[in-house]
Amino acid sequence: MSRGGGKGPSLKDKLDGNELDLSLCDLNEVPVRELAALPKATILDLSCNNLISLPSDFCSLLHLVKLDLSKNRLQQLPLDFGRLVNLQHLDLLNNRLVTLPVSFAQLKNLKWLDLKDNPLDPVLAKVAGDCLDEKQCKQAAVKVLQHMKAIQSEQDRQRQRKLQAEREMEKKREAEQRAKEAQEREVRKREKAEEKERRRREYDAQKAAKQEMEKKTKKETVQTRKPASGSRPPQPPRHKHSWSRSVLRVLLFVLLCLLCTLAACKLTELQRQPLCVSVNTLYEDVLAALQNHKTLQNMLQQNSQQ
């Protein structure tokens, strides 16, 4: 048996029936592998060694019924110490334990417990009480188990409340996410409707402008075709113009006739005829009137200059 642990053959040498005594071996660690190879060793004495902690795989020694860890330097027990469900007798006298793992509540078969001479938490120390005789040690086992079960229940309730709060928070986040997605869908839907309405207005405006342009073009075409169509509205000005030209032609014809008559009466032998005499007389009177009119104009002009 070495100081750091033990080997199979040496452990078997120390096995007495179902009891394995490893006390006063100056152990710094527990030979868990070798102990696991001895399932018959239901009583294990590790007292009076230098153990500071127990390895986590120590809790795999499910065959243990009685365990003595007194007078070591244990500061804490493994978190899953409650796996040792067959444990009935546990001696933790004179260690450095302050608290016990919550899993301690799972030691449902524990009937005897000694926690004296440990710097226990005041509440735990009060619950454990003294272990000065068999009765007190059995009461300590019952009371500590009840206390640890209460702590475990409270932790379970806190865990449940935490899980419930997390679920509620998750539901809230999911509801907020759904609301956000619904709002985004509504915004996209509204934007799409607005875009559709804008395009519809643009289409209507373009259609109206096109219709107006076609109407204007049609009107201009009709107005352009009216003069060439020979319709009645343009005819009155044309008839008026034609009438003026006819009157002018008649006047020119009459004037030409008068000039011809005057020339005949002045230059031919017809000047002795009564008609020509009258024409010549009328001509001379007109000339005299024009001369008088011209003389009168000159006189008036001279008077106005003076």
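I began with the accessible surface of the protein, which comes to about 22300 Å², 54% of it belonging to carbon and sulfur atoms; such areas come from the Shrake-Rupley method with a 1.4 Å probe, and for residues only the protein chains shown count as cover. I noted that this is a predicted model, in which local features need pLDDT of at least 70 and side-chain atom pairs count only at pLDDT 80 or more, while totals for chains, interfaces and linings use all residues. Residues are numbered from 1 along each chain as its sequence is written, and side-chain values use heavy atoms, with hydrogens and water left out.

I then looked up the secondary structure, which comes to six helices and six strands, the terms standing for DSSP runs numbered from the N terminus (helices H or I of at least four residues, strands E of at least two). Along the sequence I read the pattern α-β-β-α-β-β-β-β-α-α-α-α.

Next I turned to burial, where buried means under 20% relative accessible area, exposed over 50%, and partly exposed in between (1.4 Å probe, protein chains only). Of the 306 residues in the protein, 24% are buried.

His 147 is buried, with a relative accessible area of 17%.

I searched for disulfides, meaning pairs of cysteine sulfur atoms within 2.5 Å, and the count comes to one. It joins Cys 131 to Cys 137, with 1.4 Å from S to S, and the torsion about the S-S bond is about 100 degrees, so the disulfide is right-handed. Cys 131 counts as buried at 6% relative accessibility, and Cys 137 is buried at 3%.

I counted eleven salt bridges, each a side-chain nitrogen of Lys or Arg within 4 Å of a carboxyl oxygen of Asp or Glu. Asp 156 and Arg 159 form one of these, with their closest N and O atoms 2.6 Å apart, and both lie in helix α4, three residues apart, about one turn of the helix. Arg 198 and Glu 195 meet in another, at 2.4 Å from N to O, while Glu 197, Arg 200, Arg 201 and Asp 204 are linked in a network of salt bridges.

Last, I noted a nonpolar patch on the surface, formed by Val 250, Phe 253, Val 254, Leu 255, Leu 258 and Leu 259, with about 580 Å² of accessible area together. Patches are made of residues with over 30% relative accessible area and no salt bridge, like charges being joined within 9 Å and nonpolar side chains (Val, Leu, Ile, Met, Phe, Trp, Tyr) within 5 Å. I placed Val 250 in helix α5 (residues 235-267).
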